[in-house]
Amino acid sequence: MAKILVVVHQDTSNPGLVGQKLVARGYQLDIRCPALGDPLPTTLADHAATVIFGGPMSANDDSTLPFIHQELQWIPTALAANKPYLGICLGAQLLARVLGAAVAPHPEGFKEIGYYPITPTRQGCDRFPQPMSVYQWHGEGFELPKGAVALATGNNFEHQAYCYGDAAYGLQFHPEITTPLIDEWTTRGADQLTGLGVYSRDQQFKQHQQLGAEVNGWLDRFLDQWLTASWAERMSA
């Protein structure tokens, strides 16, 4: 069974809907948490792809959190393997930093917690066929790295999705979200539910009930494109 390396950042982390869909496609999840001392592989010879998930820490915390430094040093290994890489929220910001782009808070202190609309770019229409609302939980955003292609944009944090080469993707939002994860995140992170751009716990449940099905369907298509199209492109190169 092919393995996908899954990097998480807390002992309570859960790959959610993304993990469920990868398992349903026949992959085994090799879940590692460098924050708890788990090593990252020196090669991806035994893995078909990598997914780096989010967390409450910053991609700029490499001087104070050794595991953030470790991941920033390791991501070039994933890129050199030319296998599918998917960075979600913090994972997208770490990739952006590795590629030379800045990660920073919104200049007006705005956060996005809850569902927010994103719009595909002209280059992103094959990955994002139409505008949709997606679940967010972040207070920092990133510049578009040099050499990357913007796939989707937002009103408050411009860069919401990008690709670098054929295989590496970064998503600012959280397609893995499920109702149980909203329950967990809004409980554990209740202190974060204040300020500009934050929807209440009850609002988030209502949003997910109304908007989650569209993201679910999009995620199926995206994962198939991410896993199979990038393989096909490399094999034909």
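Visitor: Why does histidine 174 count as buried?

Guide: Buried means under 20% relative accessible area, exposed over 50%, and partly exposed in between, using a 1.4 Å probe and protein chains only. Histidine 174 has 4% relative accessibility, so it counts as buried. A word on the source: this is a predicted model, where local features need pLDDT of at least 70, side-chain atom pairs count only at pLDDT 80 or more, and totals for chains, interfaces and linings use all residues. Residues are numbered from 1 along each chain as its sequence is written, and side-chain values use heavy atoms, with hydrogens and water left out.

Visitor: What does the side chain of histidine 174 make a polar contact with?

Guide: The partner is the side chain of glutamate 176, at 2.8 Å. A polar contact is a pair of N or O atoms within 3.5 Å; within protein, one must be able to donate a hydrogen and the other to accept it, and residues adjacent in sequence count only if both atoms are side-chain atoms.

Visitor: Why is arginine 25 called partly exposed?

Guide: Arginine 25 has 27% relative accessibility, so it falls in the partly exposed class. Aspartate 224, at 35%, counts as partly exposed too.

Visitor: What makes the meeting of arginine 25 and aspartate 224 a salt bridge?

Guide: The term needs a side-chain nitrogen of Lys or Arg within 4 Å of a carboxyl oxygen of Asp or Glu. Here the N to O distance is 2.8 Å, so the pair meets the rule. Both residues also belong to a network of salt bridges with Lys21 and Asp220.

Visitor: How is arginine 97 of helix H3 classed, and why?

Guide: Arginine 97 has a relative accessible area of 28%, so it is partly exposed. Its salt-bridge partner is aspartate 62, with the closest N and O atoms 2.8 Å apart.
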